[in-house]
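Please have a look at the sequence and the model first.

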Amino acid sequence: IVSALQGDRSEPYHAGKKVIGALEGIDDKLNAPIGPAYQAARDSAGRYANVNVKEFSERANQALDEDQLGHYLPDNVRAHLNDISSGKIPLNVNNLVQVDRVLSTAQRKAGKGSPEHMAIGKVRDALNSANIEGSAGQEAKAAFDAARGLAANRFSAHREVPALGLVAEGEAIPDSFIQKQVLGGNVEDVQKLAKILKNGTTEQQSAFQEARDQIGAKIMRAAFGENQAGD
């Protein structure tokens, strides 16, 4: 707040950009080991282990039917699901991450909270909970379970700190990020955001200070109005 009183602060856009960059660094660290961990899941012949497509397909369709969301699944996602179910698109540990990325992009375009967004989420949940074929062997299964645990930790962090999930999904906009995620955010969510920034790297701690300065600036404006003279 002291730095805000002295005028030593960034504008909301630059502060938002800095916090987003810091969160991207956190997510990159969580995401980096996931791909290699999946690729380590190979059968005795050294081939990428196949995912149990039947299990994935049944779980996805059952979840859609139970929540009556099948009608809302976008045509392109439905076509992708059908191609995997029929074997037209092979599904193994090497392309599982890519398939999930395609679904994530479609989910983002659908808009958070929409029936389409929820329907795609059911397919993603089924994909990320499917097992590999039993014939792959115990070493492959252990590697796959480890990779899935890393992915689950990342998604858990996204749920725990919504701002982090927003950045990971590419939905964070610098212009409005501070206003929506800090100044107008849920108290608990803001506290969690502050914690991961404050306890992070030097860059992340600097982003924490930027966000805190924006709060100080808002208090100043509320108390005294805009400082048109800049003094």
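Let me begin with helix 7, which gives the largest share of the lining of the largest pocket, seven residues; helices here are DSSP runs of H or I with at least four residues, numbered from the N terminus, and a pocket is an open set of points on a 1 Å grid over the protein atoms alone, where a 1.4 Å probe fits, with protein on both sides within 12 Å along at least five of seven lines, its lining residues having an atom within 4 Å of a point. This is a predicted model, in which local features need pLDDT of at least 70 and side-chain atom pairs count only at pLDDT 80 or more, while totals for chains, interfaces and linings use all residues. Residues are numbered from 1 along each chain as its sequence is written, and side-chain values use heavy atoms, with hydrogens and water left out.

The lining of the largest pocket comprises 22 residues, and Q107, R124, F155, R159 and E169 are the ones nearest its centre. Two or more lining residues come from each of helix 6 (96–110), helix 7 (115–129), helix 8 (138–160) and helix 9 (162–168).

Staying with helix 7, we find H117 there, and H117 touches Q107, A110, G111 and K112, leaving aside residues up to four places away in sequence, where contact means heavy atoms within 4.5 Å. Is H117 buried or exposed? H117 counts as buried because its relative accessible area is 17%, buried being under 20%, exposed over 50% and partly exposed in between, with a 1.4 Å probe and protein chains only.

Finally, Q68 sits in the loop between helix 4 (53–66) and helix 5 (75–86), and Q68 counts as exposed because its relative accessibility is 65%.
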